Amino acid sequence: MMTELSYTIKDFKSENEVRWCPGCGDYAIMNAVQKTMADMNVPHEQFAVISGIGCSSRFPYYMSTFGFHSIHGRATAVASGVKSANPDLNVWVITGDGDSMAIGGNHFIHLVRRNIDLNVILFNNKIYGLTKGQYSPTTDRGFVTKTSPFGTIEDSFIPGQLVLGSGGTFFARAVDSNVKHNQQVFAEAAKHKGTSIVEVLQNCVIFNDGIHEQIADPKHRAERQLFLEHGKPMIFGQENEKGLVLENGRLKVVPIGENGITEADILVHDATETDPSIHLQLIRMTLPDFPIAMGVIRSVEALVYDQELRKQIETVSAKRKVNNMDELLRSGNTWEVNEPTSSDPVPFFQKKCPIIKA
Amino acid sequence: MKDTKVIELEEVTIRFSGDSGDGMQLTGTLFSDATALFGNDISTFPDYPSEIRAPQGTVGGVSGFQVQFGHKEINTPGDDAHVLIAMNPAAVKANARFIRPGGTIIYDVDSFNQKNLDKAKFSTNDPFVELKLEDFTKIPVPITSLTRESLKDFGMDNKSVLRSKNMFALGLICWMFDRPMDYIENFISTKFAKKPVVVESNLKVLHSGYNYGMNMQHMTPRYLVDAAAIAKGTYRNINGNQATAWGFLAAAEKAGLDLFLGSYPITPATDVLTALAARRDLGVKTFQAEDEIAGICTALGAAFAGDLAVTSTSGPGLALKSEAIGLAVMAELPLVVVNVQRGGPSTGLPTKTEQSDLLQALYGRNGESPVVVLAASTPSDCFYYAYLSCKIALERMVPVILLTDGFLGNGSEPWRIPAMAELPKITPRIAKDSSKFKAYRRDVDTLAREWAFPGMEGFQHRIGGLEKNEEGTVNHDPENHQRNCEIREAKVQKVVEMLPELDVFGDTDGGDVLVVSWGGTFGHTVSAVREMRKEGKNVSLAHFNFIKPLPANTREVFSKFKTIVVCELNLGQFAAYLRDQVPGFEYRQVNKLKGLPFTITELKENVEKLLED
């Protein structure tokens, strides 16, 4: 049997100096990812971390695993190739709201649609940080940035909604500063077979400081965040005094212990439900009427692209009629030339590239 | 048989043409295959509209298929046709300029009615006079009504009956050129095995066409073309796209790697994807991506993960892949990009051939971004250049762009099948010693780095698109950047050591005129030069398959000739490149941008005109 690998967080740190701004939310996220990897009992060399462009995408350089810092928006496509080429690898994608929702939006939705077994950490700080403060596709309408001095006039993407719209099988949400919760969520994402999207509400201290403060503030955490657990009732509040119920197909916040409502009346979270309608409502909940849904919102089983590719190759190969190139080249319609006037063949590379020897 | 007029020819060119729904591509392909099996050397050229179904009966909707065959080596599909098969008036109009003076036009007289003349925009009732084709042999054949007659007992609907018309034409042509029909019969029987009525009706019409020729032999000339004398071996017909796909597959087998193709469908390159998608049995991973960018990015991911990675595309797709090619240059991953060139710019002429992506392949990226550029020259040698592209990429850790074109990709020719043992070894630079491994430590001679991929214990490292130092760590030092830019260029130039010298066809010691060509025009330039030499002219040919780096003796070859004429299907891109890379010569130009290959005649005329100047 497999021996227990006793990695620590240090085994996943590279010798490179980490160069995010002091106080950046990225530090906490990286620690959580490293801790998660150390606990996974997967051989270190099986990890590959792929990123695009943006502050968060410097991530691979700070890891001691195999890493590929690719180009803007394409991390999901590059990682799709890595995982399809070698499904045994444990592949993580580090991306931001600009990288995955704007320039890489197309690759993002198609990754989710294919359900390739990748773990995607989407750092959502609702701003372009690396280019110093322009609005992103997740910036709220009306928000003033350097490129929207009079406020944006466009609505934002809700990442989870995009995941559901693309037929996603796993979506979770967490706050950067809540390292312990991050670890739990990352571990669940890593366990899930298929594309796991984790949206981390990340704080950019320089260009968008406090953008998630209303939600993230630990003082109000219990009131403003609903920590979902599969199979448990959806309860929140300082005294666990509030919960969600379904009324006419819509989610509603109700006080427990009033109007005869008991904990037994509260909706139980089912992350494995394939019908996305309640998951969609959870994803769309906003303050102040609702708490923000945190944790694993959706985790359903479905066929996984890289496994299906491997399986198809095995199935088709098992019944193959040609076993190698020599046989393939001679399959189908061929004919022999062997006339008295025929010359002896000269191999191409001998004739055209005599310096290359067979 | 004494009434039959028998014409013996060295080589014959036939052009099948009709409405794009008339099945001309199938007819031409079946005839070509039967001809190759008979032992003639052949070269084919499908010429079809980009609309799947342009309005029926119009000139825009005409689909053509040209084949040349003969008993000597055939290098081109022929300039002008000896025989044109025209299924409607539009086909005559579209192809009038492709018929050889004195050639034969066989046409479906039933389709020459007012309606079809109007659709083809003829202004008179005599299309042949209108097109000045009076001196051609015209053979009216009631193809539609004879097809209908021969199927009258089959109880088929009119549409299905008309769909068999092409078989009548095929049978007739088989008689004219004395082709055995067993191959065609087998094809039809296998292809439609589940529809016995379709098999029987098609065979019936095929034979009706053949018998019609035999019965009417007083009016149809018969041509004899003996089998070609070529090298011994097992042969098959192959088109350029299939040859390209199989070249990649052969390289993967030789290198001991899995083949990964990331690709997005695009005319005329899609068949490379199709051919490899069919090969799950040999372990090929094809990934049909959401766009061109994902096509190359998935391939780059696969290269990072240790597969032989390839992406296939055509001009507009190459433009979209530019940034990721730059990443391959920077990361120094083995990657092959095949560009089946088509007419541009923009969407341009998707189904037509051109050589206008040369400078895009060489320079179309941000930054100093050198890649190796190769070009195949015939449909079948796409196999070898695809193979060589992989060998270079894997042994030198460098991206390679392979240029083919629509003419090569869709054209076919008989090919002596090589044994895998004939092909050179491929030794990927897979790292072995983790204690000495650094991501960008280089071989002192070739400057190539080593290749280590996820899963290899002890080789963990990071790569990326930022400038880096030897360890792969991000580095913005000015000296380091200058040095790395020079190294990446030098690494590409050093590939010249793997390449053969430039050959001269003709006067190897020098002479008056050197025709220079590259890539897919080889068949036409070599044939033109051969004919001019036969006529006693002092003309030689240097044909390039290696664009970057150029063969080591390029300057030496050029210096032996008084006049250099660069012939290419663009406005002078290779000539411009040569002026830059091999200065000191006057490069004269012959250029064509019609979406069509050169013709031998126009090449000769242009070169001869330059000689007179």
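Trainee: How many residues does the contact take from chain B and from chain A?

Mentor: This is a predicted model, and in it the contact takes 68 residues from chain B and 66 from chain A. A pair is in contact if the C-beta atoms lie within 7 Å. On the side of chain B that touches chain A, α12(B) gives the largest share, nine residues.

Trainee: What classes do the residues on that side of chain B fall into?

Mentor: They divide into 38 nonpolar, 14 polar and 16 charged residues. Among the elements that give two or more residues there are α1 (24–38), β9 (233–239) and β17 of chain B.

Trainee: What makes β12 of chain A and β9(B) a strand pair?

Mentor: Pairing needs at least two bridges between the strands. Strand β12 (residues 334–337) of chain A and β9(B) have four bridges, so by that cut-off they pair, and the sense is antiparallel. Thr334(A), for instance, stands opposite Arg236(B) in β9(B).

Trainee: And how do you know that β1 and β3 of chain A pair?

Mentor: The cut-off is again at least two bridges, and five bridges join β1 (residues 47–51) to β3 (residues 90–96) in chain A. The conclusion is that they pair, and they run parallel. Ser51(A) stands opposite Ile94(A) in β3(A).

Trainee: What is the reasoning behind calling α7(B) mostly covered?

Mentor: A residue is buried if 20 or more other C-beta atoms lie within 10 Å of its own. In α7(B), 12 of the 12 residues are buried, including Lys165(B), Phe168(B) and Trp175(B).

Trainee: How does the span of α7(B) compare with the expected one?

Mentor: Helix α7 (residues 165–176) of chain B reaches 17 Å from its first C-alpha to its last, against 16 Å expected at 1.5 Å a residue. The two values are close. After the helix comes Asp178(B), with a positive phi near 55 degrees.

Trainee: What covers the buried residues of α4(A)?

Mentor: The buried residues of α4 (residues 105–114) of chain A include His107(A), Phe108(A) and Arg114(A). Their cover includes α2 (75–85) and α3 (97–103) of chain A, and also α12 of chain B. α4(A) is followed by Asn115(A), whose phi is positive, near 60 degrees.

Trainee: Which domains does chain A have, and how far apart are their centres?

Mentor: The domain assignment gives domain 1 (9–232 + 269–307) and domain 2 (235–267) in chain A. Their centres, taken over C-alpha atoms, are 29 Å apart. Seven residues from domain 1 of chain A and five from domain 2 of chain A make the contact.

Trainee: How much of chain A is buried?

Mentor: Buried residues make up 46% of its 358 residues. The secondary structure of chain A comes to 12 helices and 12 strands.

How values were computed: Residues numbered from 1 in each chain as written. Chains lettered and ligands numbered in written order. Predicted model: local features only at pLDDT ≥ 70, side-chain atom pairs only at ≥ 80, totals over all residues. Domains from an automatic or database assignment. Contact = placed C-beta atoms within 7 Å. Nonpolar A, V, L, I, M, F, W, Y, C, P; charged D, E, K, R; others polar. Expected span 1.5 Å × (residues − 1).
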